[in-house]
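Please consult the sequence and the coordinates alongside the text.

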Amino acid sequence: MNFVGEPLSKPVKPRRPATAAAPKRPPRSRPAETPAPEKLARKDYEKKLLKLQAELCYLQDWIRDTGARVIIVCEGRDTAGKGGLIKRIIERVSPRTFRVVALAAPDERERSKLFLQRYIEHFPAAGEVVIFDRSWYNRAGVERVMGYTKEKEIKRFLEGVPQFERWLVESGIILIKLWLEVEQKEQDKRLKARIDDPLKQWKLSPMDLKSYAHWYDYSRARDDMFQTTSTREAPWYVLRSDDQKRARLNGIKHILSVIPYERIKRDKVKLPKRSNKHHYKDEIDFHKVKLVREAF
């Protein structure tokens, strides 16, 4: 008997007497797989993106006018497209309203703080949006998978963070948690591009290389994180990001859909008439300064 109480080998069934061969059945047809959507043409993508970015500007007006506070958490594996999404979100809005926080590894002083303290210091004031390019969920991801934090501390974090986020939401903060999901083949493709492309090599960190071998460890950590920290007050939203253009559009569309903003009516701006009262010859004296050489 084995450890579950089943026999080690199954009894052999008696053979049936030979009969006339039954007619062969036609092979079953497999259900057709849903075809992947066609790639967006650059022109179509830019047109859709521009409309969404205009809506982000309307959102910005509402946030300033109402004093709303918004936190957007962007998480996912290496190369999932967090930076590309964030870049498109902030491209046409004010950095005074939309701030990006991408913290480096903590130094000795920061390690002596409470774990969440270094993140709370960057939380939004009234009329601000803070986007975390990786967040306190580093503890449930890279710190856990790479063994930088004891499992006891990980479990304590996973048990406590839902209460922390509930407090954030109850205090009036709009909290949006996005997980960008990329498949293995696409990650391989993007990592190889970082190796070969001088414009992307800066994105390839030593941690990326260490993490590469731990795909399934990250999958388990992700699922455990979803199980304990996706709550009614602060659910996780998964954004498929194999198609980067569609992921950026869908990500911005989702953010706009979960914030109850309204367009703020403004009076049409008119430029005032320039005064010539203090007329001054304002051509630059190039004997005093140097001119940048026009190479283009």
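Over which residues does pLDDT stay under 50, and how many contacts beyond four places in sequence does the model have for them? The stretch is residues 1-20, and the model has four such contacts for it. Where pLDDT is low, the predicted coordinates should not be read in detail. The model is a predicted one, and the protein chain as a whole averages a pLDDT of 89, with 88% of the residues scoring at least 70.

**Helix packing**

| Helix pair | Angle | Axis separation |
|---|---|---|
| H2 (residues 82-90) and H10 (residues 244-258) | about 55 degrees | 9 Å |
| H6 (residues 151-170) and H9 (residues 215-229) | about 45 degrees | 9 Å |

For the pair of H2 and H10, the axes meet at an angle of about 55 degrees, which means that H2 is oblique to H10. Their crossing is right-handed. On the H2 side the contact involves Gly84, Leu85, Arg88 and Ile89, and these meet Ala247, Arg248, Gly251, Ile252 and Ile255 of H10. By residue class, this contact comprises five nonpolar, two polar and two charged residues.

For the pair of H6 and H9, the packing angle is about 45 degrees, and H6 is therefore oblique to H9. H6 crosses H9 in a right-handed sense. Leu158, Val161, Pro162 and Glu165 of H6 make the contact with Asp224, Met225, Thr228 and Thr229 of H9. The residues of this contact divide into four nonpolar, two polar and two charged.

**Aromatic pairs**

The count of aromatic pairs comes to 15. One of these is formed by Phe164 and Trp167, with a distance of 6.0 Å centre to centre and 35 degrees between the planes. How is the pair of Phe164 and Trp167 placed in helix H6? Both residues lie in that helix, three residues apart, which corresponds to about one turn of the helix. The geometry of the pair of Phe164 and Trp167 is classed as tilted.

Note on methods: Residues are numbered from 1 along each chain as its sequence is written. This is a predicted model: local features need pLDDT of at least 70, side-chain atom pairs count only at pLDDT 80 or more; totals for chains, interfaces and linings use all residues. Side-chain values use heavy atoms; hydrogens and water are left out. pLDDT is the predictor's confidence in each residue, from 0 to 100. Contact means heavy atoms within 4.5 Å. Axes are lines fitted to C-alpha atoms, for helices over the stretch in contact, and angles run from 0 to 180 degrees between N-to-C directions. Helices (H or I, at least four residues) and strands (E, at least two) are DSSP runs, numbered from the N terminus. Angles under 35 degrees count as roughly parallel, over 145 as roughly antiparallel, 65 to 115 as roughly perpendicular and the rest as oblique. A crossing is left-handed if the near helix is turned anticlockwise from the far one by less than a right angle, and right-handed if clockwise. Ala, Val, Leu, Ile, Met, Phe, Trp, Tyr, Cys and Pro count as nonpolar, Asp, Glu, Lys and Arg as charged, and the others, Gly among them, as polar. Rings of Phe, Tyr and Trp (its six-membered ring) pair if their centres lie within 6.5 Å; planes under 30 degrees apart count as stacked, over 60 as edge-to-face and the rest as tilted.
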